[in-house]
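Here is a short report on one protein model. Please look over the sequence and the structure before reading on.

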Amino acid sequence: MSTLVFVEHHGSELQKGSLGVLGKAASLGDVSAVLVGGGVKALAPEAARYGASTVYVAEDDSLEPPLPQARVDVLAQVVADGGYDTVLFANSVLAADIAAGLAARLDAGLNWDLVDLTSDFVGKRPALQDSVLADVGWKSEPRLALFRSGSFDAAPTGNGDAQVEDVAVELEEHSRGAKVVDQQLEQSSGPSIEDADVIVAGGRGLGSPDKFTLAEELARALGGAVGATRAVVDAGWYPYSAQVGQTGKTVSPKLYVALGISGAIQHKVGMQGSNVIVAINKDPNAPIFEFSDLGVVGDLHQIVPRLAELVRARRS
């Protein structure tokens, strides 16, 4: 098994999902990583800490804009030169584009939305609204796989030593056609829900968009991020970037606090991997209590402010 993992970075930080996939691949055997962008060589030691024995670096300022086709060119070159039979990605908007483009370029099979991979190349994909895991495989090489966000914990396994190899950037003519003319970064006062260890999520039970200040207050006290259900996002109460669920983001924090969330299957799919789930809801029959570790039946408008106050007092 010769495995290559595309490690995505935002600015000077490697993404948690990519590092989780890298660590999983390292547990199955020798694994290499590839970094693409401007100034990424400085990130190679971190990739090595998470299991990469070889780190390919395609460093060029022209690659810094997050355009997928240029990255397809780089990965296709690395796969061909290194003879890799398996290429793994952590799901993101960018990684999904790259994986699809690379599959087309190499005429390779791509399995997506996986949550695990065995040493004998059997992928595990949730099915039937995540109630079962289906075994999936590949008929040919190279095998490409895109893993669901939060499938693996990112934990350092190495000492930061790896063989670093520079990749000469040779782009196809059509890859030079797209240009990024402007980027607007979303301002956030806390971590993203995909990286946060604590998430406080709000649903329709909050009552109105201005009541999301309750979730924000508790999230600040806990040092976490704010999430939302599809219903409140569709209603314009909170940004789409905070949506947790089947059509949003899949998260796996250490603590997930659900405020006024009924627990529909679409939402459960996105947060059931959380280590501890706490639900606060006035409806004792809300489905979310069936899969919560701790359930509180009561008025969240009274409970949450008091809870935030106690957390702040305890942390101080």
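Contact here means heavy atoms within 4.5 Å. The model is predicted.

## P126 and its surroundings

P126 is found in strand β9. Leaving aside neighbours within four places in sequence, P126 is in contact with D113, V115, V132, L133 and R148. Is P126 buried or exposed? The relative accessible area of P126 is 12%. Buried means under 20%, so P126 counts as buried.

Q184 lies elsewhere. It is 58 residues from P126 along the chain, and the two C-alpha atoms are separated by 34 Å.

## The three-stranded sheet

Strand β9 belongs to an open sheet of three strands. The order is β8-β9-β10, and the pairing is antiparallel. β8 (116-117) and β10 (132-136) stand at the edges. Each has a single partner strand, so one side of each is left without a neighbour in the sheet.

β9 covers residues 123-127. Five bridges join β9 to β10 in the antiparallel sense. Within this pairing, R125 stands opposite A134 in β10.

## Helix α4

Helix α4 runs over residues 93-106 and has 14 residues. From first C-alpha to last, α4 reaches 20 Å, close to the 20 Å expected at 1.5 Å a residue. After α4 comes D107, with a positive phi near 55°.

Which residues of α4 are buried? They are L94, A95, I98, A99, L102 and A103. Seen down the axis of α4, these buried residues fall within an arc of 160°, so they line one face of the helix. V93 and A104 are exposed, and they sit on the face turned away from the buried side.

What covers the buried residues of α4? The cover includes the strands β1 (3-6), β6 (86-90), β7 (109-114) and β11 (143-147). Helix α3 (68-82) is also included in that cover.

## H9 in strand β2

H9 has its place in strand β2, residues 9-10. The relative accessibility of H9 is 10%, so H9 counts as buried.

Which residues does H9 touch, not counting those up to four places away in sequence? L14 and Q15 are among them.

Terms used: Residues are numbered from 1 along each chain as its sequence is written. This is a predicted model: local features need pLDDT of at least 70, side-chain atom pairs count only at pLDDT 80 or more; totals for chains, interfaces and linings use all residues. Side-chain values use heavy atoms; hydrogens and water are left out. Two strands pair if DSSP finds at least two bridges between them. Helices (H or I, at least four residues) and strands (E, at least two) are DSSP runs, numbered from the N terminus. Buried means under 20% relative accessible area, exposed over 50%, partly exposed in between (1.4 Å probe, protein chains only). The expected span of a helix is 1.5 Å times one less than its number of residues. The arc is that of the directions from the helix axis to the C-beta atoms.
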